Amino acid sequence: MGKYKIAVIPGDGTGPEVIREGLKVIEAASRKFGFKYETEMFDFGGEKYLKTGKILDEQDIEELKKYSAIYLGAIGHPDVKPGILETGILLKIRFSFDQYINLRPVKLYNANFCPLKDKRPEDIDFVVVRENSEGLYKGMGEFKGKGTKDEVAIQISYNTRKGIERCIRYAFEFTRNRNKRKKLTLCGKTNVLTYAWDLWQRTFNKVAKEYPDITTDYAHVDATTMWFVKNPEWFDVIVTDNMFGDIITDLGAMIQGGMGIAAGANINPEGVSMFEPIGGSAPKYTGKNIINPLAAICAAAMMLENLGEAKAGKAMEEAVITIVREKLKSLAAGKMGYSTTEVGDLVVKHVESSTLIRD
Ligand code: IPM
Ligand code: MN
């Protein structure tokens, strides 16, 4: 029986409210499925930064290394200039822990919450594997002649063969283990970004030879956004770079029913991973007990699955599906027909009565 140490960073805005519900559900799952864990709270975020000027330093990273996983609410504060907390906390953790995979499932649970006409749950069920350690997010570049009329701003997309290959390999393995349509689509821009995407394409083709059971496909990123709307049923698993992955997963979140339900995992398969709802801190809903906690609960389910508690994770996801199908009026904040805490309670109740049997 595992004993997990979970570092919890509730963060800003509605982060603490949704994390509270996630923790409530984890506790119910631990009782039901008999695993042990402990949590430790960390106050990184906008409030701490405004009070102390501290964001997250090397010592904090060292401290976080002692944990089995990190559970994050949201980062972003209306009184802090955009970019400071995002790069200082979220990106800092992703990079420091070399969480080189950002796994973002796009799954529609209830057709009524899909903005697309005539799409059913079986049509929208794919996973985006976003490279999470390189590309434009590497932060390489410079200004030339800053402030002059001839100013140039250069932002470099940095792609290494090793970085691409480990991501693509993960995506192939993931597609094989997911065992659905066994199709992996490379999403890129080989027609314009002829250095970066040439290396991505060559690496993809090379690795593909080791996976004859997986059907491969390629789509330009612009076309991918078109297919997300027109034919999302074509996708099973998509692998793409950091920037494209960021953009297409916001669209993915919308077609699965909105930010209230979209979860993601920042994974280092050999190290400490971080799990988060992908919507932001939603300052205008803060403290009102109306934000949708399901994305945070789904992130917690991914965390348990990743830690090795597959049944607990599955029971949590099944509970979410039942509630989304049978109870909620909407997935949007303030329109669910239930408060944040009531939604958490509903999930707890369904986890408790899950028919899955503990090992
Ligand atoms: C995300 C977010 C982050 C990103 C921001 C907040 C730095 O948009 O997780 O998708 O760009 O990766
Ligand atoms: Mn994003």
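Select Val-25, Ile-26, Ala-29 and Phe-33 in helix 1, then Lys-311, Ala-312, Ala-315 and Met-316 in helix 10: the two groups meet, contact being heavy atoms within 4.5 Å. Of the residues in this contact, 7 are nonpolar, none is polar and 1 is charged; Ala, Val, Leu, Ile, Met, Phe, Trp, Tyr, Cys and Pro count as nonpolar, Asp, Glu, Lys and Arg as charged, and the others, Gly among them, as polar.

This is a predicted model, where local features need pLDDT of at least 70 and side-chain atom pairs count only at pLDDT 80 or more, while totals for chains, interfaces and linings use all residues. Residues are numbered from 1 along each chain as its sequence is written, and side-chain values use heavy atoms, without hydrogens and water.

Now show helix 1 (residues 15-33) and helix 10 (residues 310-326) whole: they pack at about 125 degrees with axes 10 Å apart. Axes are lines fitted to C-alpha atoms, for helices over the stretch in contact, and angles run from 0 to 180 degrees between N-to-C directions. Helices (H or I, at least four residues) and strands (E, at least two) are DSSP runs, numbered from the N terminus.

Next, select the open sheet of 10 strands, with order 2-1-3-12-11-4-5-10-8-9 and mixed pairing; two strands pair if DSSP finds at least two bridges between them. Its edge strands are strand 2 (36-41) and strand 9 (215-220), each pairing on one side only.

Inside the sheet, pick strand 4 (residues 101-107) and strand 11 (residues 263-267), which run antiparallel and are joined by 3 bridges. Asn-102 has Asn-266 in strand 11 as its bridge partner.

Finally, select helix 6 (residues 196-208), which lies across strand 5, strand 8 (183-188), strand 9 and strand 10 (237-240).

Conventions:
Chains are lettered from A and ligands numbered from 1 in the order in which they are written.
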